[in-house]
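Biologist: I would like to know how the labels on this model are decided. Please begin with the rule and then give the value.

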Amino acid sequence: MRKSNNILFFDNLSQFDSLIHGFSTRSFGSMRPSHPDIVYSLKKFAAALKIDSQKIVRMDQVHSNTVYWATEKDWDHEIEKTDGLLSEEKNVFLGVITADCVPVLLYDQKKRYVSAVHAGWRGLYNEIIKEAVSQMIQKESDPKDILVGIGPCIRACCYNIPEDRAKMYVEKFPDWRPFISEREDKLFFDLVGVATNQL
């Protein structure tokens, strides 16, 4: 990942002239939906990316495994109860907002499908990433053609979880055990490790 003009970019996705992506930083202001300056912040960020902020499709993120194929008719709208957006149309920009949760960007370099996924612990538990990739495959994506970027999020060093949640994880996904570590009588969870494992 590299930083330019206060925007974070993935190296693997930056090689495509047909693809615009980036993660905002604090210099653009708060992107929190409830923040009074969200419209201004979003316009400022969109201008830096050289896109029209009214062509961005947003999500009402609820930690589900629901994904939605966005089109031009969804410009400047928030899709209800959704945690993954996909599109096959040009000039449809997908927005994902995260703090601790994992933002995942997917790009099929052959079909030119794009996806933005919001994956917190609940989303990962509900296999939101799998759902987004499956939707792309249903539209004839070859998994070998899908490039992935995992964006800024909380890391295993700092994400403390309760014991009952760790137990719940391992009961459903025994292969998650290596992503739970113990330090000073506390359990820590590696969201990025799980996201990578699911991919």
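Modeller: Buried means under 20% relative accessible area, exposed means over 50%, and partly exposed lies in between (1.4 Å probe, protein chains only). This is a predicted model, in which local features need pLDDT of at least 70, side-chain atom pairs count only at pLDDT 80 or more, and totals for chains, interfaces and linings use all residues. Residues are numbered from 1 along each chain as its sequence is written, and side-chain values use heavy atoms, leaving out hydrogens and water.

Biologist: What makes Asp-145 and Lys-110 a salt bridge?

Modeller: A salt bridge is a side-chain nitrogen of Lys or Arg within 4 Å of a carboxyl oxygen of Asp or Glu. The closest N and O atoms of Asp-145 and Lys-110 are 3.5 Å apart, and the two form a salt bridge. Asp-145 lies in the loop between α4 (128–138) and β10 (146–150), and Lys-110 in the loop between β8 (102–108) and β9 (114–119), so the pair ties together parts that are 35 residues apart in sequence.

Biologist: How is Lys-110 classed?

Modeller: Lys-110 is exposed, because its relative accessibility is 61%.

Biologist: Which other residues meet in a salt bridge at 3.5 Å, N to O?

Modeller: The side chains of Lys-73 and Asp-74 do, at 3.5 Å. Lys-73 counts as exposed because its relative accessibility is 61%, whereas Asp-74 is buried because its relative accessible area is 6%.

Biologist: What is the distance between the closest N and O atoms of Glu-127 and Lys-130?

Modeller: In that salt bridge, these atoms are 4.0 Å apart. Glu-127, with a relative accessible area of 26%, is partly exposed, and Lys-130 is partly exposed at 49%.

Biologist: How many salt bridges does the rule give?

Modeller: The count is eight.

Biologist: Why is the chain called as compact as a globular protein of its length?

Modeller: The chain has six helices and 13 strands. Its radius of gyration is 17 Å, close to the 16 Å that the globule rule gives for 199 residues, so the chain is as compact as a globular protein of that length. The radius is taken over C-alpha atoms, and the globule rule is 2.2 Å times the number of residues to the power 0.38.

Biologist: What share of the 199 residues counts as buried?

Modeller: The share is 46%.

Technical notes:
Helices (H or I, at least four residues) and strands (E, at least two) are DSSP runs, numbered from the N terminus.
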